[in-house]
Each structure stands twice: as structure tokens, then as C-alpha cells.
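Hi,

Here is the structure I promised to pass on.

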Amino acid sequence: MIVNLISDTITKPSFKMLEAMFSAPVGDDVFKEDPSVNELEQDLALLFGKEAALFFPSGTMTNQTAIKIHTQPGEQIICDHFSHIFNYEGGGVSFNSGVSCKMISGDRGRITAEQIMESINPPDFYHSPKTSLVCLENTTNKGGGAIYDLNEIVKIRELCDKKKLGLHLDGARLWNALEVTKENPKQYGELFDTISLCLSKGLGCPVGSVLVGSKKNIKKALRIRKVFGGGMRQAGYLAAAGSYALKYHRSDLNNDHKKAKEIASTLKNCLYVNEINPVETNIIIFSLKKQYDEVSFVEKLKNKNILIMSLGKGKLRIVTHRDYTDDQHSYLLKTLPKIEYYA
Ligand SMILES: *Cc1c(COP(=O)(O)O)cnc(C)c1O
């Protein structure tokens with residue numbers, strides 16, 4: 001038994017999900033003739049109160065497409081210094097859109113309207129890049145699954161309207177946030193110009209991400225997706241996994257959150273732990289006391305068939321997911337307090 005807590009992307013489709021994929025009606029999605037893709041896109045547009053949606057092979061491509069929609073080369077976008085779009089998309093913002101990032105040091109990946117206000121370059125000052133887009137992330141990845149306060153997003157929207165800036169949400173794990181806050185997805189649809197949503201994280205699909213937005217923006221996205229090489233043919237087999245997960249897996253995210261909180265409480269009592277970030281969803285970020293080295297700690301867990309990730313700079317990450325079983329959970333909770341004795 002390997003307990004893999006590296007990421008919530010490691011899940012494999014259940015038999016029932018595979019059945020839904022097997023039996024999906026399909027067509028050529030590049031001609032927009034795949035009924036299963038069209039259905040998923042329509043359902044998600046409706047769920048978020050947006051006019052349209054577009055299916056993508058990855059969250060990276062969805063975010064990169066959104067940034068391309070909202071910007072021109074030479075412009076600048078505003079994001080948190082922890083953001084996925086800056087740290088983990090291979091420099092795509094500069095490669096694909098030719099824009100730079102103005103980084104804000106937020107609270108576990110979350111930035112405020114006030115911080116954004118201070119980061120907007122004066123539009124008439126032609127020496128500095130023109131600010132055109134604000135990107136938020138909810139929940140935050142590198143910030144340890146932190147959830148945004150919707151009231152802050154309302155303020156950010158007002159600021160973006162006033163300053164004529166686009167507002168994009170990297171909602172790779174928005175499902176986790178919504179499961180906790182019980183907010184209506186339409187509240188998010190109202191506030192953002194575009195939202196990218198991952199199906200291959202907590203929802204457990206093998207592949208897939210969706211961008212929601214206005215008809216005009218999704219029309220632009222269709223062209224950009226083609227340019228990025230993301231036009232897929234019988235993609236309905238993949239979209240069917242997404243429709244299945246939206247129906248049957250969303251409420252299961254609660255289990256991941258509950259287990260994450262239990263892991264955090266166990267870690268709190270482990271002598272080697274220095275600090276644990278507040279756990280709001282399915283990500284636990286913690287650090288070790290000075291005398292413990294994180295690389296050898298990860299190695300010790302590995303010897304016990306438990307896989308976790310080192311984030312560098314003394315930080316470690318555990319992510320719970322739907323393939324992390326109750327038995328694995330009991331084993332982990334039992335093993336964690338004993339780890340230091342294996343030194
Ligand atoms: C996973 C993730 C993405 C998309 O990643 P892909 O691996 O390309 O699907 C985007 N943003 C955040 C915050 C993520 O965690």
C-alpha cells in the first residue's frame with residue numbers, strides 16, 4: 001500500500017466514471033460537434049450564470065488562454081507572488097502573452113483591493129507597462145488551500161470596473177472553496193470576467209479544465225485554444241468524466257477537508273513540527289523544527305510508504321484527495337507521531 005499525498009491530481013477514475021466515459025456520445029469537438037463536450041460546457045456556463053464555456057485539456061492552458069484574451073503584449077497583470085500562473089505555468093505569461101507580472105505579497109496567496117490599488121500603474125504614464133488584468137486564485141495552491149472572503153472580491157471587482165481592468169479567477173480548486181462556504185457559483189460568475197475550473201483535481205477526473213465567460217470572450221478563447229494546440233477531436237470521452245464528477249463527486253470534497261483537518265491536529269502534537277498553516281480545505285502546509293531536515297523527513301515517510309512533497313525553504317505539503325482511503329488515513333495518523341523515533 002502506497003499512501004500518496006503528493007497532490008489531488010494523482011487520482012484515477014472510478015469504475016463508474018469509466019463506464020460514463022465509455023458510453024459517452026461523441027463527435028468532432030474541433031467542429032463543435034461533440035454532444036458530450038457541448039453538454040458539459042452548457043452545464044458549467046449555466047451553473048456559473050455565464051453565457052458560454054470552453055473545455056480544455058489542462059488548467060494551465062485555460063489560464064493562459066484567459067490571460068491572452070484580456071491582454072496585449074507589453075502590458076502588465078497583477079497577481080500574488082504565490083500564484084500558479086506565475087510560478088507553475090512555465091513562464092507562459094511572458095511566452096504566450098508577452099506580459100509581465102506585478103507581484104503582490106498577499107496573505108497565503110490572497111490579495112486585497114487596497115494592495116491591487118497600489119499596484120496599478122498610472123494609465124497615462126507611458127514609461128511603465130499598462131496594467132490590464134488582475135488574476136486571483138481560489139483556493140490558493142502555494143498558499144495552502146486558503147479561501148477568499150467574497151466581500152474582498154466584491155471590492156476588487158469594483159476597483160477593476162473603476163480602473164477598466166479585466167478580472168480572471170484561477171479557480172482550479174474553486175470547487176473546494178464552494179464546498180466549504182456553500183456560496184452559489186453564480187456569485188462568482190457575476191464577479192469575474194473569466195473563471196478557469198479544474199476537473200482533474202479534487203473532482204477526480206483524469207483530464208480536463210473549463211473556462212467560463214461571456215460569449216465574446218469564449219469566442220476569442222476558441223481561436224486561442226486552437227493556436228495553443230488544444231483543439232481535441234472526440235473529447236467527449238473526457239468531458240463525460242467531468243459531467244459525471246460534477247454530479248457525483250462534488251459533495252465528497254467534504255471528506256478530503258475533514259481528513260486534512262485531522263492530519264493537521266495530529267501534526268500539532270508531533271514534536272518535530274514547527275508551524276502548521278491554517279487548514280481550510282484539502283491542503284496542509286507545515287514546517288519542521290530547525291534540527292530536522294525536510295529532505296530526510298520526506299525520505300523517512302517514504303520508507304513507511306507515505307509520499308508527501310517538499311516545497312523547499314523548510315516547508316512541506318500534504319494534499320488529501322478522493323483516492324486517499326479511510327484505511328490509509330488511519331495508517332497515516334498512527335504513523336506520523338512515530339516518525340522521529342525512526343531517526
Ligand atoms: C493545478 C492548478 C492549475 C492547472 O494545472 P494543470 O496541471 O495544468 O491542470 C492551475 N492553477 C492552480 C492553482 C492549480 O493548482
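Let me start with helix α13: what covers its buried residues includes β10 (283-288), β11 (306-307), β12 (309-312) and β13 (315-319). Before going on, the ground rules: this is a predicted model, where local features need pLDDT of at least 70, side-chain atom pairs count only at pLDDT 80 or more, and totals for chains, interfaces and linings use all residues. Residues are numbered from 1 along each chain as its sequence is written, and side-chain values use heavy atoms, with hydrogens and water left out.

Helices (H or I, at least four residues) and strands (E, at least two) are DSSP runs, numbered from the N terminus. Buried means under 20% relative accessible area, exposed over 50%, and partly exposed in between (1.4 Å probe, protein chains only). Contact means heavy atoms within 4.5 Å.

Back to α13, residues 294-303: its buried residues are E294, F297, V298 and L301. They sit on the same side of α13 because they cover an arc of only 100 degrees around the axis (the arc is that of the directions from the helix axis to the C-beta atoms). An α-helix has 3.6 residues a turn, so residues three or four places apart point the same way. The face turned away from the buried side of α13 carries the exposed residues V295 and N303. After α13 comes N305, with a positive phi near 65 degrees.

Next, a helix pair. The axes of α2 (residues 35-47) and α11 (residues 236-248) come within 7 Å and cross at roughly 35 degrees. Axes here are lines fitted to C-alpha atoms, for helices over the stretch in contact, and angles run from 0 to 180 degrees between N-to-C directions. On the α2 side the contact is made by S36, V37, E39, L40 and L44, and on the α11 side by G236, A239, G242, S243 and L246. Those residues divide into five nonpolar, four polar and one charged (Ala, Val, Leu, Ile, Met, Phe, Trp, Tyr, Cys and Pro count as nonpolar, Asp, Glu, Lys and Arg as charged, and the others, Gly among them, as polar).

Now the salt bridges, of which the structure holds 16; each is a side-chain nitrogen of Lys or Arg within 4 Å of a carboxyl oxygen of Asp or Glu. D8 and R173 meet in one of them (2.8 Å, N to O). That pair links distant parts of the chain, 165 residues apart, with D8 in the loop between β1 (3-4) and α1 (15-22) and R173 in the loop between β6 (166-171) and α8 (174-181). D8 is buried at 0% relative accessibility, and R173 is buried at 3%.

D29 also forms a salt bridge, with R225, the closest N and O atoms being 3.5 Å apart. Here D29 is in the loop between α1 and α2 and R225 in helix α10 (residues 215-227), 196 residues apart. D29 counts as buried at 1% relative accessibility, as does R225 at 2%.

E179 and K182 meet in a salt bridge too (3.0 Å, N to O). E179 is buried at 9% relative accessibility, whereas K182 is exposed at 57%. Salt bridges that share partners also join D29, K32, E41 and R225 into one network.

What does L54 touch, leaving aside its neighbours within four places in sequence? The contacts are K32, E41, S209, V210, L211, I218, A221, L222 and R225. L54 lies in strand β2 (residues 52-56) and is buried at 2% relative accessibility.

Cheers
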